[in-house]
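This report goes through the chain contacts of one model and then turns to some of its helices. Please keep the sequence and the structure in view while reading.

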Amino acid sequence: MATQVQARRQRPFPWAEALKHATIVLVCLALLFPLFLMVMMSVKDKEQIVYEFFAIRPPFHLENYTIAFGYIAPLISNSVVLAVGSTLLTVSVTALAGYAFGRLEFPLKNLLFGILFAKMMLPGIMNLIPSFTLAWKLGILDTPLPVILFCAGTSQPFWVFVMRTFVAQQPRELFESMRIDGASEFQNFRYLAVPLLRPMIALMSINVFVFVWNDYIWPLVTIQSFEKRPLTVGLAYLTQANPGDYGMLTAGYVIAALPLLVLFFISMRQFIEGLTAGSIKL
Amino acid sequence: MAAPRAAARRRPLDQLLLGLAFVAPALLLNLVFDWYPMFDGIYRSFYRWDGYSTAVWVGLGNFERLLNDTVFRTALWNMAFFLAAAIVLMFPTIVASVVLFRIRHQRTQFVYRVLFCIPMVVPWLVIMLMWQFMYNPQYGLFNRLIEALGMPDLTQTWLGDPDLVKWCLVFMGFPFVTTNAALIYLGGLKSVSESVWEAAALDGAGPVQTFLYLELPLIAGQFKLNLIGTITAAMTGYGTQLILTKGGPGFASMVPGLYMYFSAFKSQKYGYAASIGLTLFLMSLVITLLSMRFFKDTEEA
Amino acid sequence: MSALRADLRSLATMLLLVATLAACGGAPATVPDAPTAAPEAPTAAPTAAPEAPAAPTAAPEAPTAAPEAQPITIRIMTWHGPDGNTAYYEGYKTLTDAYTAANPNVTFEFVYQPLDGYKELLDTQFVAGSAPEIIHMQPWMINEYANKGVLHNLNNAYNSTSPYVDGPAWIASFAGGEDTFAGVRSSNKFGGIFFVPSDSSAVLSIGQPFYYNKDLFRQAGLDPENPPQDWEQFRAALAALKDAGVIPIAADNGRWIGWSLGQVGYQFGERYVDQFYDAKFTGDRGLEFYWDKVYLALANGQLTDAEYYGDMLSLWKDYAQYWQEGWTGTSEADAPNLFMTGQAALLQSGFWDFQSYSALIGDKFEWGVFPVPVITSATSSFGIGKYGAPAGTQDYGFTVNAAVESDPALAAAVIDFLQYMTSLEAQTTYVGIAKSFSPVVGVPIPDEIRGFIAPEALATAREVVGPSFIEWGDGAIWPGLSQDFLLGNIDQAAYQAEVAASSQEGAKAYVESMLGPDGFQASIAAAQQTLADLQAEGASELMIASQQRTVENLQLRYEMMQTYYTP
């Protein structure tokens, strides 16, 4: 159906399409330049970084990768556990709340939303110790729970807001028709809102995942056993062991980024599915 | 907003229970793991505290002091500059999203979207290094290019120039297309039925007209979202300044967030830092609410 | 209604899901071969370097500690990691291995944490009561943690005999003896000593010298083998470099502001605050009151204007013209690149960077090291004309977690190990491996780092007040104000007034807190209690005498503050 619609939108000027592609390609090039630079840096030694930062010429120090891999590899699975757990919990509670704030009417709604919303603007540079004290009193140290629970607690306000906006934007009739069929509100959520929200869920998942993936201080202090710690700890060791060796460190970053790239492809597929689901309505 | 018919039939208590059933997990997590630890910071703003000796109650003393703090005032002006720049620079993202949306070939569009996401894996440190090697007055790329073009008089000290430093920091956002914002716009555009565009095309609307009268209004909700994200980030952010300029030259690039950070960790004035944080919070909240009100009004008009 | 029930049921399912998820997350993820888990001995058992004189080939034997059998594990937290090039860690590891060999019931675990995150980890471990027994701390951390009351006061241990040194007290085995701890004692509210010094020396003036590019010196017509010694020669050299189109000094917008101020500033105002105090607080024992004297003078507004400030500040500002253009936009990480790429002739840095610079510069240019030039009367009539006395005071090292006090056997083992670690033999082994300095009498200095010691004859200035009125001010403000002053955006009078006001305010807050109930009154009571306990236990005379001195010292400090503070 979608392709038919597009066929009808075909315009007579092919150069207009070319111009669009050119614009986006230029933007992509600018966006991807740091990544390119990062890959280039990752095969340089200290000297090449200082003396020829932008140059691309041999020797390429591939040993950066073997050394960095030794620091990071054993910790990757921990990061996966932390990031997957945080993402699942955060996304599910956020989607539920976003749906309710965008769709339902209930007393105290604005107050409750206000509580979440306001938190977005409170800079939290000094709550490390209070947060830690809380995690300690709950007896959850040295497990993935502090990372997962605190992530779910702190990273949702903006995304609840996003979900709410997208849900509220949908035509009311869509939900009404289901409601009349005797669907429960949860079924509405599950079978209508979730598919509609899929692109935003994908985007949020990426954000939460990347955030936990790169988080260092919080998992460091709440997970004491080295063998349970995430890969950012490995990166910190790598940095301390090779001071000022940005090439080596960047190699570590590149390795750490590979799982993220896989995730992007997967979530972007969700994004596409979300779009087809989106065209169901009306 | 009129309550849906189904919901209207429910008694308020049932409505509340239903609503709570959905929002309670998020709200509880947020209250326990975000708000609760934060109260420590909030009540400290009424104390003078160095981090270890007994905190001394000073009431509103910290806030009074803040009113007369010239550094804080400078920081606020700088923040206003960064905020204005951030809002203006939201527009390249909108244009890029619309252009991306109009690319019809879905497979290509998919590839572009993935490419838009990829920069998220590049760590902050690499970005900072990159700009450092561009801005450095002595060996940086920019000055070398200017020299290569035969205009050695035009070389700059970039981050070392009080008049240029803020522009330099703003320019680090180049090409001013943010992944998250772009994908949120795209999601907004995609969730609108194709038939709307067909109608527009039948009316003979050109690309610019379509943009102004169709796409732009359609993503007003998404714009509001991103605006609030932008305001929050611009008002509370300080990472770049911390690494590159330390707020200098002098206080030319000092922002309230950095001043709060320095007050807490460089001069151990935790209470004062907390009061800066609380003030920033209230200001962001007011500005956000004002901007939302503004948009509501324009929407209704 | 049925819909509502369905919703609640679904919600219950969701929560169950979350719970399951949490449970899965809780399962231990075991990963083999983690870098620090059970640190193994460095592969090549490091024998002392051949050039280190009289270094024993094997690690010295540690006599067995008195209490036996009970297995004890001591955790040592440090930022010197087990990886590749950290010779410090190898050095410490050699000592712990040797100690375990002699005392099989005592084993060690190294808790290695890079400096990034070190303090955060430590803060939280103290909250949870899981902080290690021995903790390596940087100078600025020690007072903070000592004042928080989480560190063990080593005063009594220092005044007991050590099985590893001859003589009446352990403290005497440190170069400079008990005097070098006076400053440390007076900088915390307990009047105690909370660390065992490491990798430093209180009797050597270990400067942060200039690394200089000899090729660029030649290019500017300077003699690269005769670097400047006093400020006049220095200024001439800088001017010559600048005229030759070379950047004289690589500056940055972070630490350099304090460092450059220190280079100039701490050559002014020796014993300047003594004029405000009675003789019993000055002279030979003056160092014990140094911190309080400066705080008090700041709080009383006596340091707002001193006759040497004019010269000091204009000299500093004059110095700034030799820093690269746009230095305020150059970060700490960036500045060394100017030196590395041969664009700047000078860079200031510490001895710990020696190895990495050697490797990085390689044969790109010829380079050397010279100490910060001296400001003599030729430059300013207020110039001291000599370097600050070799620190005169210990500054950093290993602290002991106060939690060990609850386990006497553990506490005894920790102290015994620290005493072993600072024995002449152990230190000699250590510096041979680590190429570091030692705080202990008679330990040889490795040749590689001799160049970092300032000329002995010149290093005699004591209690230099210098730019305290700037540096003791609000750390969020004075660096920015200083930039404005150096760039000429504000004049000297305004700058001086603002930084002085800021440090006065901070000092007032400090003095008032020390005069409050949690200040001296509390610490005097605690020290008196300790004294009473020692007397009741029948402790050694030396220990009792030292504790009496602590009490007396605290009382004097309290008296001084009460006498001289004008609110």
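How many residue pairs are in polar contact between chain B and chain A? The count is eight residue pairs, both residues being at pLDDT 80 or more, where a polar contact is a pair of N or O atoms within 3.5 Å, of which, within protein, one must be able to donate a hydrogen and the other to accept it, and residues adjacent in sequence count only if both atoms are side-chain atoms. The model is predicted, with local features needing pLDDT of at least 70, side-chain atom pairs counting only at pLDDT 80 or more, and totals for chains, interfaces and linings using all residues. Residues are numbered from 1 along each chain as its sequence is written, chains are lettered from A in the order in which they are written, and side-chain values use heavy atoms, with hydrogens and water left out.

On the side of chain B that touches chain A, helix 2 (residues 12-44) gives the most, with 23 residues; helices here are DSSP runs of H or I with at least four residues, and strands are runs of E with at least two, numbered from the N terminus.

| Interface | Residues in contact | Buried area | Share on carbon and sulfur atoms |
|---|---|---|---|
| Chain B and chain A | 99 residues of chain B, 99 residues of chain A | about 9,400 Å² | 77% |
| Chain C and chain B | 35 residues of chain C, 35 residues of chain B | about 3,000 Å² | 55% |

A salt bridge is a side-chain nitrogen of Lys or Arg within 4 Å of a carboxyl oxygen of Asp or Glu. Between chain B and chain A the count is one, and the side chains of A:Lys119 and B:Asp34 meet in a salt bridge at 3.2 Å, N to O. Across the interface of chain C and chain B there are two salt bridges, including one in which the closest N and O atoms of C:Asp474 and B:Lys269 are 2.7 Å apart. That interface also has 12 residue pairs in polar contact, both residues at pLDDT 80 or more.

Chain A holds 14 helices and zero strands, and 61% of its 282 residues are buried, that is, under 20% relative accessible area (1.4 Å probe, protein chains only). In chain B, helix 13 (residues 220-236) reaches 24 Å from its first C-alpha to its last, and 13 of its 17 residues are buried.

Notes. Contact = heavy atoms within 4.5 Å. Buried area = accessible area lost by both parts, 1.4 Å probe. Expected span 1.5 Å × (residues − 1). Buried < 20%, exposed > 50% of the residue type's maximum accessible area, 1.4 Å probe, protein only.
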